[in-house]
Amino acid sequence: MSDRWIEETFHADWRVALRASKVLHEVKTDHQHLVIFENPYWGTVLMLDGVVQLTTKDEHVYHEMMAHVPLMALDRPKKVLIVGGGDGGVLREVLKHGCVEKAVLVEIDREVIDTSLQYFPQIPQKALESDRSEVVIADGLKYVAETGELFDCIIVDSSEPIGPSAVLHSKEFFASCRRALTPGGALVTQNGLAQLFPDHLAGTTRIFASLFKRASPYICHQPCYFGGLFALNLATDDKSILGIGPKKLAKRARKRGVADLKYWTPAVHLGAFALPAELERIVDEAVAAGKSGDDRGYELPPTPAPDAPPTKKAAAKKPSVKEPSEKKTVTRKPVTKKPAEKPTPTAKTGP
Ligand code: SAM
């Protein structure tokens, strides 16, 4: 067993280290530092820029709460946009809704998609190859600003507000998302560890309250996001979608064929919006500020870079996939086969 310990370097004053029993893939992509490794407890772990993105042990928590809370709240969502989420976990959950006719996933880093398919195919399962999904390799900020399509639900499965993901926490980006939503549609974004980064929760809530009639953060318990309650934030102009009762939520799940979930239930859905008093106060203040035009977002203070630079070997192993140009709509064809490497399982992505 390798005795390398890989540290999460996200917090300025404390770190969590995970034993890497086997490093499966490590590379500095054109966008971020990516490492995938095995851990005896958490299973397969994906880390980007020194931050745990997911583990095969508990990825269902985050992915179910990002997908099912907005989709169950909406009457019959047909078109969904996922920004980020290259691991395919949110897309997997979105496609469980039989009413969803099309789901577009916009991921900036092809390496995340290819390595996810290679090292933890049990997360995307067949979602990236589904006839109902379209995968675009592009910067989400640009895609949403330029798209002529409208979506009933937009799910921002971004990383923390660092590196390529910083723009996905900005007013500019969320304003573009609002323009790409159908009337009464729902926008959901990851909003960080609420008790550790209350300013992040406040910043996104101010922006949402300045853009939409309702800004409603909700919480879940994501064990591998070390540091307490994990916040998500939902924005909409249709207040009624936040008043759907447990019976109607259960009926919608049955009708759409959404079953065998491991975290989301109608009660968990409703309970997730009940915030602890300290967070409720932060949200109320942020909503009031946003409604009075204070739309300041949140900028994360610079974080130390991950310790372990990519090893020569891993760098050499990097498949020679040229970074796609800005934005390429996907033509339904398999992922470019990496020369000289075992063909990755097919998935649809940009040429
Ligand atoms: N659940 C994780 C979290 O909360 O930390 C996020 C998981 S997901 C892997 C984040 C994805 O967002 C990554 O694959 C990353 O490459 C992608 N991403 C970052 N910046 C992006 C951008 N500007 N446009 C599109 N995708 C982006």
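Visitor: How much space lies in the largest pocket?

Guide: The largest pocket holds about 290 Å³ of space. The model is predicted, so local features need pLDDT of at least 70 and side-chain atom pairs count only at pLDDT 80 or more, whereas totals for chains, interfaces and linings use all residues. Residues are numbered from 1 along each chain as its sequence is written, and side-chain values use heavy atoms, with hydrogens and water left out.

A pocket is an open set of points on a 1 Å grid over the protein atoms alone, with protein on both sides within 12 Å along at least five of seven lines; a cavity is a set where a 1.4 Å probe fits but cannot get out, and lining residues have an atom within 4 Å of a point. Points are joined across faces, edges and corners, and a volume is the space filled by probe spheres set on them.

The lining of the largest pocket consists of 17 residues, and Arg214, Ala215, Ser216, Pro217 and Phe273 lie nearest its centre. At least two lining residues come from each of strand 12 (214-220), helix 8 (266-271) and helix 9 (277-291); these elements are DSSP runs numbered from the N terminus, helices (H or I) having at least four residues and strands (E) at least two. Helix 9 provides the largest share, five residues. By type, the pocket lining comprises ten nonpolar, two polar and five charged residues. Here Ala, Val, Leu, Ile, Met, Phe, Trp, Tyr, Cys and Pro count as nonpolar, Asp, Glu, Lys and Arg as charged, and the others, Gly among them, as polar.

Strand 6 contributes the most, three residues. The cavity lining divides into 15 nonpolar, eleven polar and five charged residues.

The ligand sits in the largest cavity, in the sense that more than half of its atoms lie within 2 Å of the grid points. Around the ligand are 27 residues, the closest being Gln32, Glu107, Asp139, Gly140 and Tyr225; a residue belongs there if one of its heavy atoms lies within 4 Å. This shell contains eleven nonpolar, ten polar and six charged residues.

Several polar contacts (pairs of N or O atoms within 3.5 Å) can be named. A polar side-chain atom of Gln32 is 2.8 Å from an oxygen atom of the ligand, and a side-chain N or O atom of Gln53 is 3.2 Å from a ligand oxygen. At Gly140, a polar backbone atom lies 2.8 Å from a nitrogen atom of the ligand. Of the 590 Å² of accessible area that the ligand has on its own, the protein covers 100%, by the Shrake-Rupley method with a 1.4 Å probe.

Methods: A polar contact is a pair of N or O atoms within 3.5 Å; within protein, one must be able to donate a hydrogen and the other to accept it, and residues adjacent in sequence count only if both atoms are side-chain atoms.
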